Amino acid sequence: MHAYWLERARVKEERHRNDAQGVSTGDPLTISAYHSGTKDGGPMQVLRPGLIDFSPLMQMHDHERMVLFHVMSKEVTFRKVDRQSRETGRLIKVLVVNDFTAMPMSMPPKSVMKSYSEAGAISKRLYPQISMTTCALNPPTWFKMALKAGTFFSNDG
């Protein structure tokens, strides 16, 4: 099963590399795309979680398959930054932008969040230096309020 996902990552990375404009449409279920052009030449991955309809995603995939899919997506990113690092002789990392445009008031379903969380834990071990930073763009009002509340209760606040 893992070989299947590695092969999918190889094919996806090859498709991204051959994209003449440096922009890939990504996967329609995740609404993500890679854009080239950060200052150091690294890729920028834009995610739009507010545009995802989680219903068909949850009907099509069980938990294990969703976790492997998310890890495979990190493998695609790793292959991109690894190739660029080898070509330039510098450590290249990905900039991740979460664009929350059209984000609904509710959180994604727990099963989806659990698969993201589990895939994130696996990815941290497999790709410890892949991310330059992650930022939020167009956060919804409820997100800002939750962040403020969390800051209020933190030890640093």
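User: Before we look at side chains, what do buried, exposed and partly exposed mean?

Analyst: Buried means under 20% relative accessible area, exposed means over 50%, and partly exposed lies in between (1.4 Å probe, protein chains only). D82, with a relative accessible area of 24%, is partly exposed. This is a predicted model, in which local features need pLDDT of at least 70 and side-chain atom pairs count only at pLDDT 80 or more, while totals for chains, interfaces and linings use all residues. Residues are numbered from 1 along each chain as its sequence is written, and side-chain values use heavy atoms, with hydrogens and water left out.

User: Thanks! How many salt bridges does the structure hold?

Analyst: Side chains of opposite charge can pair when their charged atoms come close. The cut-off for a salt bridge is a side-chain nitrogen of Lys or Arg within 4 Å of a carboxyl oxygen of Asp or Glu. The structure holds four. Among them, D82 pairs with R86, their closest N and O atoms being 2.9 Å apart; R86 is exposed at 68%.

User: And where do R86 and D82 sit relative to each other?

Analyst: Helices are DSSP runs (H or I, at least four residues), numbered from the N terminus. R86 and D82 are four residues apart in helix 3, so about one helical turn separates them.

User: Which side chain does E75 meet in a salt bridge?

Analyst: That of R79, at 2.8 Å from N to O. E75 is buried at 11% relative accessibility, whereas R79 is partly exposed at 24%.

Key:
Helices (H or I, at least four residues) and strands (E, at least two) are DSSP runs, numbered from the N terminus.
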